[in-house]
Every structure is written in structure tokens, then in C-alpha cells.
Amino acid sequence: MKKSLRRLGKLILYDLNYGYRDCRLKWLGAFLVQIYFVNMAYQWCAGARGQMGVLGYLTWLFRGMPEYFAVETGRFEIPVPWLMFHACLLFLVGFYPAADLTRSGGQALVRTGKRRHWLLGKAVWVLCTVTTYYCLLTVVLIICALLTGGIACSGEAMKFLYGMEMEEIEGMEIILSWWIAPYLVSLTLCLAEMTLSLVLEPVLALFLMLGYLTASVFWTMPVLLGNYAMLLRRDFWQGHEDISFINCLAACGICIGAALTTGCLYIKKKDIFPTENI
């Protein structure tokens, strides 16, 4: 048991080390994209009354769009910053797991001893990558807020730009809706993409996940996880009553479990070397 745990720990360290090095140029691109997002947010919020702070800029990025209704006089606009933010993360994690599986004829999978440990190592790498992505966004937002007036967001600015009375929203609701829910959605989508990239080609898996994410823009349905990451769709902000944090937690938990279970079953049955110890 201890030997198996030590081997799993070494595998996780290998994935963290090699995975981050393998994606270092993508990380540079992600950093530049996030700076671009914050610059767009600053320009859009320039006419606000009062300072925007971290929460104001984050609201601009995660607000998404209201529920779409197809009418002749209506105009449909895709929330480009919101979609690009999640697409950039999907691109960041979409290729390393499949590349490591085929590298050196599958030797990395053989040396793990237990195939599910290989998949768990990749899942931990995905978890750390998503966490780092959001931490990087936090740092960029804080720096921008400090340069433009301060970290705190004034209620007057939020009401002017978004029509939201911040005094009516509790601090825990802000943490859950502005940070935890988008993070859970991103983690779930990335783990699902990881499993798809092993079964299908990574590029195809990426486009499938982007298509699924884009479907959230058109339809406000609890089964489309992207809705939980758009503030304008949430139940507390004149959105859909089913798009709540509890439903987000349940949907993400089910999808994560399904993705990891499917991945383990696929890896266990994958034929690389018939004599491999599984």
C-alpha cells in the first residue's frame, strides 16, 4: 500500500513538473490573454461612478449574457470575453495527457504499475492547472485594480454598470458565485476534456468541449454547465431559478465522477503491452 502511494506521489510530481514545462508557452499566451481581458474591462468600466475594484472587473468577465430568446426583433451577441476565458483554459489542458500517453510507445503508462494511477496523476495536473489559471487571473485583477483606484468595489459603481444592489448580496454568495462556481465549471469541463482527449483526438475533444460550452450561450438549461459560470444566468441575479449554486455543485460532481470513471475504464482496457501489470 505504501509503495503504491509513493509511486502515485512520484507520478503526480512528474506530471506537475513535465506538464507545466510542456505548456510553458501556452502559459505565456494565457497570461497575455488575461491582461487583454482586464484592459477591456477597464475600458468598458471607465465611465463608472466610483471605483470598480477586483469584483467589478471580475463581474464584467463572468457576467455572460441574459437568457437568449429567438425573436425577429432580437439581437444575439456572443459573450466573447467569457467564452475566450474558458476556451483558453481548455486549450491549455487539452493536449498534454494524450501526448504523454503515446510518448515513447506508452512507456509512461507501463511504468506506473497501475493504470488508474496514471490517470489520477493527470487529473491532479488538471486540477493544479485550473487552480493556477484562476490564481493568475486574481493576481492580474489585483494589479489592475491597484493601478486604477483600489481593490475594493463601490456599490455605486456596480449599480451604475450592472444594476445590482451589492448591499443585498451576502459575502458568502459573492465567494460562491463569483469564484467557486466558475472554478468548478472550469475544472469539470477540463477533466471531461482530458477523458475525451484519450478516447478521441485532442483537437476533436477540444472542439467538442467548445461546442458544448457555446451551447450554454443559446440555451439556459441546468445540464449545460456553462450557465452556472454566467452571473446573468444565476438565480440571484434575475436569472433562471434552476441555475443555482447547489445545482452547480451537484452537476459538476456527477460530471467529474463520470469523467474519471470513464477514463479509468478506458485506460484499464487500452491495449499497449499485453503483459502489463494492471
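Trainee: What should I keep in mind about the numbering and the model?

Mentor: Residues are numbered from 1 along each chain as its sequence is written. The model is predicted, with local features needing pLDDT of at least 70 and side-chain atom pairs counting only at pLDDT 80 or more, while totals for chains, interfaces and linings use all residues; side-chain values use heavy atoms, with hydrogens and water left out.

Trainee: How many helices and strands are there in the protein chain?

Mentor: Helices (H or I, at least four residues) and strands (E, at least two) are DSSP runs, numbered from the N terminus. Here the protein chain has 11 helices and zero strands.

Trainee: What percentage of the residues in the protein chain is buried?

Mentor: Buried means under 20% relative accessible area, exposed over 50%, and partly exposed in between, using a 1.4 Å probe and protein chains only. Of the 278 residues in the protein chain, 45% are buried.

Trainee: How is a pair of aromatic rings described?

Mentor: By the distance of the centres and the angle of the planes. Rings of Phe, Tyr and Trp (its six-membered ring) pair if their centres lie within 6.5 Å; planes under 30 degrees apart are stacked, over 60 edge-to-face, and the rest tilted. The whole structure holds 11 aromatic pairs. One of them joins Phe62 and Phe85 edge-to-face, at 5.3 Å centre to centre and 75° between the planes. Phe62 belongs to helix α3 (residues 53-62) and Phe85 to helix α4 (residues 80-93), 23 residues apart. Phe62 and Phe85 are both buried.

Trainee: Which aromatic pair do Phe85 and Tyr134 form, stacked or edge-to-face?

Mentor: Phe85 and Tyr134 are edge-to-face, 5.5 Å centre to centre with 85° between the planes. Because Phe85 lies in helix α4 and Tyr134 in helix α7 (residues 115-147), this pair ties together parts 49 residues apart in sequence. Tyr134 counts as buried, at 5% relative accessibility, and Phe85 is buried with a relative accessible area of 0%. Ring pairs link Phe37, Phe62, Phe85, Tyr133, Tyr134 and Tyr183 into a cluster.

Trainee: Where does the charged end of Lys26 sit?

Mentor: A charge sits over a ring if NZ of Lys or CZ of Arg is within 6 Å of the ring centre and within 35 degrees of the ring normal. The charged end of Lys26 sits over the ring of Phe91, 4.9 Å from its centre.

Trainee: Is Ser244 buried or exposed?

Mentor: Ser244 counts as buried, at 11% relative accessibility. Ser244 lies in the loop between α10 (202-218) and α11 (245-269).
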